[in-house]
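Colleague: Could you show me how to read a few features of this model? I would like the general idea, then the case at hand.

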Amino acid sequence: MRFNEKELVLLSRQPSERAAELGMRGPKKGDVVKKRLVKLVVNFLFYFRTDEEEPIGALLLEQCRVEREDSQTFSIAFLDEAERKYVFECDTEEQCAEWIDSIIKASYEFMRKNLIYYRTEIHRLTGKDPLEQYGISDEARFQVSNGRPLPTVPFLVAL
């Protein structure tokens, strides 16, 4: 996927959902852990040298798996490139858990599934489709892949 570099830099300057200095090891063989300022903005994880204002990289948090490696370490691997794994070291166990939770919730797919679930629940409770007033209730992106609405049972989302 290609991105406009200037737009990404502007996005990296937006208020973040979470930001901290973390240890980070890239996916290349022989990469070592380096201290980086890591910022979660929408569904992008930006990383910076600690003394610079422009990001040196960004990860689009779609089609990826977030896993706890140990009590203070988590990793992000991309489903289409499992060998491309980024490792992050936190200061505490609690910080690690918070980062994992925030990253999982940042994906478009997670938000989409939640929207569909709550849309179905509102429809079940009120008999009205909350998206109808916006003229978008039939759009494919608000449907389950087979076109049917989600069942009315809560579900867990795993990336």
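Modeller: Gladly! Let's begin with contact, which means heavy atoms within 4.5 Å. Keep in mind that this is a predicted model.

Colleague: Thanks. What covers the buried residues of helix 1?

Modeller: The cover includes strand 2 (34-41) and strand 3 (44-49). The residues being covered are Leu 8, Val 9 and Ser 12, the buried members of helix 1 (residues 5-12). Viewed down the helix axis, these buried residues fall within an arc of 100 degrees, so they line one face of helix 1.

Colleague: Which exposed residues does the face turned away from that buried side carry?

Modeller: That face of helix 1 carries Lys 6, Glu 7 and Leu 10. At the start of the helix, a side-chain oxygen of Asn 4 comes to within 2.9 Å of the backbone nitrogen of Lys 6.

Colleague: On to charges. Where does Glu 62 lie, and what is the nearest side chain of opposite charge?

Modeller: A salt bridge needs a nitrogen-to-oxygen pair within 4 Å. Glu 62 sits in the loop between strand 4 (57-60) and strand 5 (64-70). Glu 62 is buried but has no salt bridge, and Arg 112, the nearest oppositely charged side chain, is 9.8 Å away. Beyond its sequence neighbours within four places, Glu 62 is in contact with residues including Asn 43, Phe 78 and Tyr 108.

Colleague: Finally, how many disulfides does the structure hold, and how far is the sulfur of Cys 96 from the closest cysteine sulfur?

Modeller: A disulfide requires two cysteine sulfurs within 2.5 Å. The structure holds 0 disulfides. For Cys 96, the closest cysteine sulfur is in Cys 90, 4.3 Å away, which is too far for a bond. Cys 96 is buried at 0% relative accessibility, and Cys 64 is buried with a relative accessible area of 2%.

Note on methods. Residues are numbered from 1 along each chain as its sequence is written. This is a predicted model: local features need pLDDT of at least 70, side-chain atom pairs count only at pLDDT 80 or more; totals for chains, interfaces and linings use all residues. Side-chain values use heavy atoms; hydrogens and water are left out. Buried means under 20% relative accessible area, exposed over 50%, partly exposed in between (1.4 Å probe, protein chains only). Helices (H or I, at least four residues) and strands (E, at least two) are DSSP runs, numbered from the N terminus. Lys and Arg count as positive and Asp and Glu as negative; His and the chain ends are not counted. The arc is that of the directions from the helix axis to the C-beta atoms. A polar contact is a pair of N or O atoms within 3.5 Å; within protein, one must be able to donate a hydrogen and the other to accept it, and residues adjacent in sequence count only if both atoms are side-chain atoms.
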